Every structure is written in C-alpha cells, then in structure tokens.
Amino acid sequence: MANARKFIVGIIVLLLIMLATSFDAIIGFITDYKWFGELGFEKVFLTRLMTQIRVGVPIFIVLTILIYFYLISIKKDYYKKVNVVHSGVSEKRINQIALVGSIFLSFISSTTLAGNLWFDILRFINGTGFNVTEPIFNNDISFYVFKYPLLNKIYYMLISFLVLLAIITALFYVTMMMLRRPTLVEVNSGSEFNTGNINLDNGKRIFEIAVRQLIILGVIFFIVLGLGYFIKSYDLLYSLRGVVYGASYTDIRVTLLKYRAIMIVSFLSAILLVIGIKRKNLRLAISGPILMIVISIVGNLIALVVQNYIVSPDEISKEREYIEYNIKYTQKAYGLENVDERNFSADRDLIFEDLKENEETITNIRINDYRPTNLVYNQKQGIRHYYKFNDVDVDRYYIDGKYRQVFLSPRELDQGEIKEERQTFINKHLIYTHGYGIVMSPVNKITSEGLPELLIKNIPPITDTEGFEVESPEIYFGELTNDYIVVNTKEKEFNYPKGNTNVETIYEGNAGIRLNGLNRLLYSYRQKSLKMFLSANITSESRIVLHRNIHNRIRKIMPYIEYDSDPYIVLNEGKLYWIIDGYTTSSYYPYSEPIADSRINYIRNSVKVVIDTYNGDTTYYLADENDPVVRTYANIFPQLFTSMDEMPEGLRSHIRYPQTLFDIQSDIYRIYHMKEPRVFYNQEDEWYIAKEKYEAENQTMESNYLMMKLPGEEKEEFILSIPYTPKEKPNMTALLVARSDGENYGKLILYRLPKGKNVYGPIQIENRIDSDPTISKEFTYWNQQGSRVIRGNLLIIPIEDSLLYVEPIYLKADAEDSLPEVRRVIVAYGESIVMEPTLEEALRKVFEETAGRPRPITPEPTEPTIPIEGADDINELIIRANNVFDRSTEAQREGNWAEYGKLIEELEEILKRLGELNTIENIENVNE
C-alpha cells in the first residue's frame, strides 16, 4: 500500500514538473490554434501536430517494444552464460530498468524523427511528378525534390540511433554486472562456507556475450552503411568537381563505381563479421572494413589521376555531355527553357511620326524615380511625425480611360516614432492602432516645382479622378504594424488628425479574437501583460488582433514558402489590399546551377498572397498550377490554397511579374543563354548586367517596371526589363523583358541586338552625357550653386525597331530638409543627345528635323562572303553558324522563303565543315 502511494505521488510530481516546464508551450499552442481558427486555417495549424502524432506514436511504441525485448534478451543471455550472485534487487526492478531505457531511447528517436522530418514525410507521400527525367539514374525530378532529402536524413538518423543503441547496450551491461555480479569462485555444494576454486570462465563468458552483441550491432551498421552509399550515389548529381554544377566525367566513370564497390563490400562486411567471429578469425572479421578503406583511398587516387591526366587535357570533349545536362536542367529549373528570343535591329531610322504612333509609350515614360519620390511622400504627405511611407510601389491603373503607370505608397503609423513617455499600454495597444490612406502619383507627371503630381493625397484621402476614391483608408495590417492591438474597447481609437484635434473611430471589421471568459487570461499571459487582464477599458466584446505585420503574418501561416521582401499596395473598389509574391524553391534539382551565395537551384513564383489591410483576411492564390512543388503543398494543406480563378478581377489586373524572380532569372540567363557546349565551356558569349550612373556613382542597373508597346505588339503593356552588355564591354547586346498583363503574364522575351553594330549601352550613354559640353557645363554650374545634381535611372525604351534613352535629372539643395526636384530630362537617340526642361521638349528637339519626313530606307545588312571550304577555326564557324541560324529564323518569320532557303544551305555547309574538323581532331587525338 505504501509503495502504491509512493508511486502515485511520484506520478503526480512528474506531471506537475512536466506541466511547469511546458506551460508556456501549452499556452502558445492554445492561443495559436485560436488565431489560426480566426483565419479559417485551423486544419493547416493541426497538420503538423497530427502528422507528428501519426508518425511519432507508432514509431515510439514499436521501438519501445523492440528495444525492450532486445535488452531482455541480453539479460537472459547473461543469466544463461554467467554464474551470478543475486543482490536484493528483484527481477521486476531490472525489467523496469530495461523498460525505462527502452522508453528513453524510443522517445528521443521518435520525437527527433517526428519533430524534424514530419514535413519531409508529407512531401514524400504527397509528392507530385515533374514529368522530367534526369539522365544519369533515370529518375523523375520529383524523386530528388521530394524523396531523396528524406532518405538522406533517415540514413544519418539511423547511424545516430545505432550509436545511442550501443551506448544503451553498454549501460545495461554495466547495470547487470552491478545488480547481478558474476561469482568469482565456484561454490562447493557440500561446504558450509561458500569456498571453492577460482572461477575464470565468467569473464570469458561475459566477453562472449559482448562480442555477440557487437556482431548484431555491427551487422546492422554495415547494412545501413551500404544503404548509405547507395543513397550517396545521388549526391553526385550536385557535384562541384567538374567545369559545371552536377555530375562530371570523373564522377560517373570513377566515383560512382567507387560508391557501388563500397556499398557491395559493406554488405559483404556484415557477412564476414559474422563468419570471422564464429571462426575466431579476427583478420577475416575486419577484412571488410579494411577493404572499404582501401577502395576509398584507391578510388580517390584514381579520380585524381583521371581528372588531371585524362579529363583536363581534353576537358571540352570529356565534359561535353555533362555541360549539355547542366544547360538543359538549369534552364528548366529557372523557367528559362521557353524564352522567346527575337532579333532586334536597333535601327536609327526613327522619325517624329513614329513617336505619334507610339503616343501611349511616350506618355508613360517615367520621369520620376521611386527613391526621390519616397522622400517627397514622407516630407510632403507625412502630416504627422508618426506617419511613415515605408516604400514606394510601382503599379498601373486606368486613369480617365488611359492605361498609366503610377507610384503609390500607404501611410503607415510607426509607433516607434511616438514619444517614449507617451508609449503607454493604452496608446500602443488601444488608441494608436492603424495607419491611414495612400498617396499615388503618375510616374510621368511633375509639378512646376519638379515634384511628383499627386493623384491621391492628404488626410482623409482626396482625388479629382473618378474611380480612385479610398472608401476604407484605415491600415491595420502593414509592414510597420509590429505590435498587437485590442479593438472594440471603451477607449476610442485615433483615426486621423484634423487641424488641432483628432478624429476618432471604432473598429467595425471582423479581425481579432474575443477576450471573453478564459481568453482574456490566456492572451494576457501570452503577451505577458497584466494591464490587459486588469484594464477596465477592455470588455468581453473587445478583440485582440495579433500578427499584424504582414511579413510575420504570412510566414507564421505558411513558413515553407519563400516570400518577396517587397509587398505592394493595391487600391480596388475603394479598399486597400497587400499583394505579396510567394516562391516555391528547392536545392535538389539535378544539374541546376544554384543561385549565387545560396544552395537554391529551383524557383517558381507559384503563390500570390492577398491581405486585406482592414480585416487582415489572408488568401493564398495558386498562381502557377504547373509547379509540382506548390501542387504538393496543396495536397498537404488543401485548406490553405485558393484557385487563381477565384481572385477578384480588380485584384488580378494588378498582379505583376515579381522583380525578385526576374533578377534571379536575368542573372542566370547571362550565361545560360549559351546553348552550344563548346561556346558555353569557353564562355565566349558571356553577358553582364549593364551598368549606369545613379546620382554620381556607377552601379549595376536595377530591373525597371515600364509601360510600353513592345516591338511587333499592338498595345501598351506593363513590363519588367533589364539590358545586357558583353563581358567587360560597354555596348549593349540584348534586352530581357518579362510581361505582366493578361494572357501574356509570365512570358519572357529576349531581344538580341546585332553583333555587327555598336548599340550604345547605358554606361556609354552616361559617358556621352558627361562629355557633352553643354550638359557638363550645366552640371558644373549647378553643383557650385549650393545644390547637387542627382542622376536618375537611365531608361531604355524600344520604339518600333529603335532604342530611345531617357534619364531624369534632379537638383537637390544642400539644405538638410530639401527635396530632389526634377529639373531636366535627357533624351539620347543615335548620335543625338539633348537636355531640356521637359520630356516633350527634349523629344521635339531630337526629332524636329524628321517631322513630316518619310522613314529612311535602311539597307539590309549583308554578311561578307567568306569561303566555308578550307576554314579551320572551329570557334569562328560556330559563331557564324549561330548568326546564320538567327538570320534564317528572322527570314522565316518575315516569310522571305528565298532568303530562308539560301541561309539553310549555308548552314548545312558550315555544319558539314564542323563535322570534318571534328573528325580530324578525333584522329589526331587517337594518334597522340
């Protein structure tokens, strides 16, 4: 009875200790569940817990039983082989010790596996096929993205488990030897005094038992090790040994064979260990591991010799196949396999009438930059010191029936700017709860002062343009809303300032969790706020609104998606919404080159997250249902995702190609536009992102959102573009464009410029601006008059078959609070470069001489006739073949079939000559 009481007391004490140590976690779980439930995502929240239970509990039970019987078998074997002296400890207690050890190891193993691998397990089960097969092991890409990571982690966990099992085994032996000590003498049955001969067999028997357990663990270890080398073979697809990322010639011809040999020997070692121990032949028992070490050392030496003396002297030939894989799978991983490459002649035959025909493009040319605009917004429209425009977003709207590009930014309330002595509980959490309104300005309009002309401004927001009324200007959820608030209290909220007074409001939305009953105690404890619990201003109808920072909000809901760091605000039907781009990524796409300073080598913009700034409603829209990764996530979290078809049309018209993804793609495409392995190997046509001069410093250009009519298209559209220059050359060689509107959303176009002519690159235009005597004289004068010249972004505008360059020039006084003002606009075209007060004046000055004139006829460029027969420079022939192919594609597009046929014949001759040279090269290699 006393023992039973002690046991019950012990259980109660244990439960109290567990409750005390995990109390915060329990409160956190309950409050988080209620918050997810408020959003309608309670199943998303429970997915993790339910998976961990479904995985962890069965593994815990099975492991506990297996380890327990394993330890009991050790105990029985110990009794069977060793003469022992029984102490006062009962068999039941020893069994309890075995059970505790089993529970301990099972608990660590099951919680580690379920806690760390639950999402990998769900990805393994729900993985969606890519329908793309990698060429070495012929597995679908989904195997590497969804299954291989789990197999790899399980392998290392098994090794750790075996180590722990060995430790538990050793501890249990020590325990048995302490509680059931081996006898040191043989007992004479007829002797009254327990004396006899010294018993030397017990030590030998204990050693035999230990060796037997060693055999069991050793066999399991070598089997697991063999499986590990089988899995390790897939690591070669991410090798860094060769000239490109992915398996190389040496990896496949040497290292893969080494791994397979070690795998076979590892399985063989398990057998040799058993046979060697049974035959008492130590050499045989350890021959397997020794052979594995020898194979590893010899394999590494062979790989070194092959790489240095077989591959390196003939690298392009040996690695050609693997370079092709790297190009192909890198393009697929980054969505670059279907870039629409078009030739762009970059003629200089633009006339004034062309500008009239492209009036919408000209009208939408941006003469404001977002950085100076942000300064203007904060200084002119901040109104109070605690209001802040965190960032300026770029979007497009129909203004008076015209498609126009605009800047806009929400006016958020930054509580950190409230005086410290005023940052009381009531002010922070009950009164100063939200920002108010937005500011919007067309990118192409400025006032007489050189500042952006505001389309929406002031508090409350006012506009003279129909359709831009902001009916719900309160911003409860934003980028600066970092603290929780309590709404519907007895204290009214500050809404906005009006003269010397403040306008107050009461929240009428549906965000928040009611603080009735137990909820008030739970959330007071969660927020560590006694004032919340005691405040007389908070009633049972009050609601606590949590996770209002939109960055934190979306990451708490779905942490397995990468999110863009630049959300943008959208005005739709009088309400404000945030749109945030979400990316699915992977580091396991075979042969794909990783992003610089990252392991990620696969990315898709598969999710558009929309957040209501007033209610906090958060919707995850499936933007790319062709992406297997997001389809897998949709299988795991079916409650989370919504079809893009259900997005309101007003919001859908504002989705844009994300700048983050475009910058990654444009950086990859600098090199991976080269498709021919030899050209790629020699990096003969490597490109750089163009440079420009911003303010007074040279810098790599940012990609720019622009509104224009693309060459060959019928209407203006919202695009994102970046120019390329040849490696270490200033001239421009290509322009990459991403489209954002309608059915063309997501399409990439590359405009290739002629290699035979010099097309000015951005930095060349900047240098021409500096060297222009009139412009440089003006700059020098302004810089000496208590002001500073700021060079804006240089914009490259394709019009018809020509390129127009536009750069705004700002003046900023040296005074501390002065604002940069647009004072001039520079336009460059061909050899002309002018600077005038307005864009219209600059364009008129450049093109005034062409007004009323017909377009000049540009003669078709002709390639010099160079005999193909006898040509022996392979690189020149490859470049020529590419040029001929480009011209034939252009001729086909234009329907010039005579020219097309002639160019195809020329291409056949070039390819024939390349084949002859390749044959000669192979014969020479054989002779050597």
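**View 1. Nonpolar surface patch including Val298.** Leu282, Ile286, Ile290, Leu291, Val294, Val298 and Ile302 make up a nonpolar patch on the surface, with about 580 Å² of accessible area together. Patches consist of residues with over 30% relative accessible area and no salt bridge, nonpolar side chains (Val, Leu, Ile, Met, Phe, Trp, Tyr) being joined within 5 Å and like charges within 9 Å; a salt bridge is a side-chain nitrogen of Lys or Arg within 4 Å of a carboxyl oxygen of Asp or Glu. Accessible areas follow the Shrake-Rupley method with a 1.4 Å probe, and for residues only the protein chains shown count as cover. The model is predicted: local features need pLDDT of at least 70 and side-chain atom pairs count only at pLDDT 80 or more, whereas totals for chains, interfaces and linings use all residues. Residues are numbered from 1 along each chain as its sequence is written, and side-chain values use heavy atoms, with hydrogens and water left out. Val298 belongs to helix 8 (residues 282–311); helices (H or I, at least four residues) and strands (E, at least two) are DSSP runs numbered from the N terminus. With a relative accessible area of 39%, Val298 is partly exposed, a class between buried (under 20%) and exposed (over 50%), assigned with a 1.4 Å probe and protein chains only.

View 2. Helix 21 (residues 762–771) is largely enclosed by the rest of the structure, because seven of its ten residues are buried. The buried positions are Pro762, Ile763, Gln764, Ile765, Glu766, Arg768 and Ile769.

View 3. Lys693 stands opposite Asn698 of strand 24. Two residues lie between the strands of this hairpin, where Glu695 adopts a positive phi near 55°.

View 4. Three strands, in the order 11-15-14, form an open sheet with antiparallel pairing. Strand 11 (485–487) and strand 14 (513–514) stand at the edges with a single partner strand each, so one side of each has no neighbour in the sheet. Strand 14 is joined by two bridges to strand 15 (residues 543–545), the two running antiparallel. Arg514 stands opposite Arg543 in strand 15.

**View 5. Context of the close-ups.** The protein has 25 helices and 33 strands, and 51% of its 928 residues count as buried.

Conventions:
Pairing = 2+ DSSP bridges.
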